[in-house]
Amino acid sequence: MTATNRQIFLIERPQGMPDDRHFKLIESPIPDVEDGQVLIRTLYLSVDPYMRGRMSDVKSYVPPYKLNEVLTGGVVGEVMESRNQNFQRGDIVVGMLGWQDYSVSSGQYLTKIDPEAAPLTAYLGVVGMPGLTAYFGLLEIGKPQPGETVVVSGAAGAVGMVVGQIAKIKGCRVVGIAGSEKKISYLLDELSFDAAINYKTTKNIQADLEIACPNGVDVYFDNVGGDISDAVLRFLNHQARIPLCGQISMYNLEKPDIGPRITTSLIKTSSMMKGFIVSDYAAEHPRGIVQLAQWVKDGKIKYHETIVEGLENAPEAFLGLFRGENLGKQLVKVANDVR
Ligand SMILES: NC(=O)c1ccc[n+]([C@@H]2O[C@H](COP(=O)([O-])OP(=O)(O)OC[C@H]3O[C@@H](n4cnc5c(N)ncnc54)[C@H](OP(=O)(O)O)[C@@H]3O)[C@@H](O)[C@H]2O)c1
């Protein structure tokens, strides 16, 4: 055990794109464990786009991070000491914990995971929160039917790569939109998407969508918003469904974005656009995990992870999400699993 607990604090609220100034690594003593608590050593932590929203002092579905406190997010860790009857030393757990070497938890919202059932990192990705977001957003709102066309933006990221593969399992034509040639190759060659568009290099995204979606769009799984979504929404079929998952293109805007008014196109096509948060389906997560794990085991869902080493690099890994540096799920490895 290292003698100190390194922690990453948010020390200033970003306006626009965050940078190094907004984060600080500090060292404090390893916390004491009281009755009912467990001490957890962080093995992997997840960086996620929604954290950007929590860095601003605005009302949302989760409260903002407090300044000069440790950032929190999804963590897989090992129980080092337990004074809680539900956990034992050596248990591997997943939960919402700090960007730090060691966390103390009451055990609430901490789930024991089976390291034999799936790699530890998968519990923060394909069978964790992002996988569940894809699963419930696509199946409960998108309701893809065989032969339909499903378009997904942010297609080569943690959520998008799973969305496209579930749509393939459901017998759909799948079109991905992503921001690099490496990502386009991954979608086409590894994940068997039917078409993929590089929104950064395309000369005309409308024309590319017309070729990629000859029968229009039945489901648009929106991870990014902005110009990309404006383009896709022109191709909606009758009774199309649009799960609104994320709007990452707008998370760092300093002024509100004014886009085209889309409501008429929703009326004309009798389409449904619905926002959702993965926790809306919390009661059903267990069945989602079982199904995702089975698809992974059967080779029907593949996944990629981009893993940065070192707690000190967590802020850069987080910022990389907005530069499109991650292929698949972005994680930070904090310590070796030494069981
Ligand atoms: N509703 C929910 O419960 C829920 C849960 C999880 C995630 N989400 C949302 O789902 C989306 C994807 O999340 P994720 O965890 O899977 O992240 P991710 O896709 O793994 O990583 C973010 C990706 O977004 C793309 N991106 C960044 N800036 C962009 C821009 N200006 N325009 C277009 N694309 C941009 C980048 O890929 P490119 O190289 O392709 O640009 C980047 O790799 C996010 O909007 C997130 O907030 C929602």
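The centres of domain 1 and domain 2, taken over C-alpha atoms, are 28 Å apart. This is a predicted model, in which local features need pLDDT of at least 70, side-chain atom pairs count only at pLDDT 80 or more, and totals for chains, interfaces and linings use all residues. Residues are numbered from 1 along each chain as its sequence is written, and side-chain values use heavy atoms, without hydrogens or water.

**View 1. The protein chain is divided into two domains.** Domain 1 takes in 4–125 + 303–333, and domain 2 covers 129–280. The bounds come from an automatic or database domain assignment.

**View 2. Domain 1 meets domain 2.** Here 22 residues of domain 1 contact 16 residues of domain 2 (heavy atoms within 4.5 Å). About 1,500 Å² is buried between them, 64% of it from carbon and sulfur atoms (accessible area lost on being put together, 1.4 Å probe, summed over both parts). On the domain 1 side, eleven nonpolar, seven polar and four charged residues touch domain 2.

**View 3. The ligand is surrounded by 27 residues** (a heavy atom within 4 Å). The closest are Lys183, Tyr199, Tyr251, Val278 and Asn326. A polar side-chain atom of Lys183 sits 2.6 Å from a ligand oxygen. For Tyr199, the distance from a polar side-chain atom to a ligand oxygen is 2.5 Å. Val278 uses a polar backbone atom, 2.7 Å from an oxygen of the ligand. The protein covers 92% of the 920 Å² of accessible area that the ligand has on its own (Shrake-Rupley method, 1.4 Å probe).

Definitions and conventions. Buried area is the accessible area (1.4 Å probe) that two parts lose on being put together, summed over both. Ala, Val, Leu, Ile, Met, Phe, Trp, Tyr, Cys and Pro count as nonpolar, Asp, Glu, Lys and Arg as charged, and the others, Gly among them, as polar. A polar contact is a pair of N or O atoms within 3.5 Å; within protein, one must be able to donate a hydrogen and the other to accept it, and residues adjacent in sequence count only if both atoms are side-chain atoms.
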